[in-house]
Amino acid sequence: MILEKMGLVVRTASTGEESVEISEYLNFDLVLMDISMPKMDGVAAAEQIQGLPTPLCDVPIIACTAHVDEQAQARYRRAGMAGFLPKPVRSEDITALLGQVTEEQARARTN
């Protein structure tokens with residue numbers, strides 16, 4: 001709801017498997033991945049998305065989780081995630097994250 005209120009187009013998935021299936025045919029600008037999902041957790045789903053062909057695999061994936069200790073963050077980084085949003089998610093955190101991801105994508109395009 002926060003993203004929609006910001007005017008962004010949002011596509012949701014109920015399971016990790018569904019998030020991978022959707023990512024196989026839609027080229028997203030950003031994925032906010034819940035870590036605790038049924039059937040396949042967010043880390044496994046992120047790893048599978050990153051195994052898709054270019055450009056589908058190039059999407060920044062952000063972990064959304066209540067588990068933000070250093071060990072968990074290291075796990076998300078090993079899975080190739082670009083960052084994390086702590087739960088409960090606040091609109092200020094999403095706004096800051098979107099700015100950060102936009103800047104990083106702009107830098108990557110110029111390099």
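Helix α5 has its buried residues covered by, among others, α1 (2-5), β1 (31-34), β2 (61-65) and β3 (83-86), where contact means heavy atoms within 4.5 Å. Helices (H or I, at least four residues) and strands (E, at least two) are DSSP runs, numbered from the N terminus. A word on the model: it is predicted, with local features needing pLDDT of at least 70 and side-chain atom pairs counting only at pLDDT 80 or more, while totals for chains, interfaces and linings use all residues. Residues are numbered from 1 along each chain as its sequence is written, and side-chain values use heavy atoms, leaving out hydrogens and water.

Back to α5. Asp-93, Ile-94, Leu-97, Leu-98 and Val-101 are its buried residues (buried is under 20% relative accessible area, exposed over 50%, partly exposed in between; 1.4 Å probe, protein chains only). Viewed down the axis of α5, these buried residues fall within an arc of 130°, so they line one face of the helix; the arc is that of the directions from the helix axis to the C-beta atoms. On the other side of α5, Thr-102 and Thr-110 are exposed.

Most residues other than glycine have a negative phi, and most peptide bonds are trans.

| Cis peptide bond | Omega | Loop holding the proline |
|---|---|---|
| Thr-54 to Pro-55 | near 5° | between α3 (42-50) and β2 |
| Lys-87 to Pro-88 | near -5° | between β3 and α5 |

Lys-39, in the loop between β1 and α3, has a positive phi near 70°. Lys-39 is exposed, at 69% relative accessibility.
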